[in-house]
Amino acid sequence: GETAAVEESRRVRPKWLVPLVAGLCALALVVAGGIGWKIWSDRRLAEAKAACATASDAARGAMNDWNTLVNGDAADLLEVKADQVKDAKTVDALKQAMGAKTPTGSASCTAGDRTDVENAATAIRKAAGTYDANRKALAKAVKAVEASRLDKTVADASKLLDDTKGKVSDDKTRQALDKAIKTRDEQAIAKAVKAVNDS
């Protein structure tokens, strides 16, 4: 009875059915694996593009900060002559810092595969670092020129204060100059120097 039924069920299935089912299962696994790989790969590319866009925003900010300084305070101080500062080297250092090389070219965060986008992000981060380093060096040079100009202003005002002792009609002008020198207020010194000279 039972053995005959088992043998009968084996005879009913064709021999090609088992390999066909196994082949279909293998194909389904390959297709599912391919779809999974594509989804994972697309996600990695999207993450790389997002990181590259963030780097690009940072680089744009660093470039804008550099340009603002170059065209603002640094440009204003280019008018300062060597004889207007206590240390003439600060003027030369300012000019050198303004002439710093800035990054050229651009990298795309959208073109190519994930490796291309990651390479672009690396290049963009490097450019941002260069702009930031240049800005810091220029800001330091700007401060050095401003400080040196103030030192020269204070030194000249101190000499004027000494030279005018007992030689002005209103000694209050000298007292105002002395106070301005002690506070190192450049505008107050200029005003007091004029008042002493007029007196």
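**Helix H6**

Modeller: At the start of H6, the backbone nitrogen of Gln-187 has a side-chain oxygen of Asp-185 within 3.2 Å. A polar contact here is a pair of N or O atoms within 3.5 Å; within protein, one must be able to donate a hydrogen and the other to accept it, and residues adjacent in sequence count only if both atoms are side-chain atoms.

The model is predicted: local features need pLDDT of at least 70 and side-chain atom pairs pLDDT 80 or more, while totals for chains, interfaces and linings use all residues. Residues are numbered from 1 along each chain as its sequence is written, and side-chain values use heavy atoms, leaving out hydrogens and water.

Helices are DSSP runs (H or I, at least four residues), numbered from the N terminus, as are strands (E, at least two). H6 covers residues 186–198, 13 residues in length, and spans 18 Å from its first C-alpha to its last. This is close to the expected 18 Å, taken as 1.5 Å times one less than the number of residues.

Ile-189, Ala-192 and Val-196 are the buried residues of H6. They line one face of the helix, because their directions fall within an arc of 70° when seen down its axis; the arc is that of the directions from the helix axis to the C-beta atoms. Buried means under 20% relative accessible area, exposed over 50%, and partly exposed in between (1.4 Å probe, protein chains only).

These buried residues pack against helix H4 (114–163) and helix H5 (171–183), where contact means heavy atoms within 4.5 Å. On the other side of H6, the exposed residues are Gln-187, Lys-191, Lys-194, Asn-197 and Asp-198.
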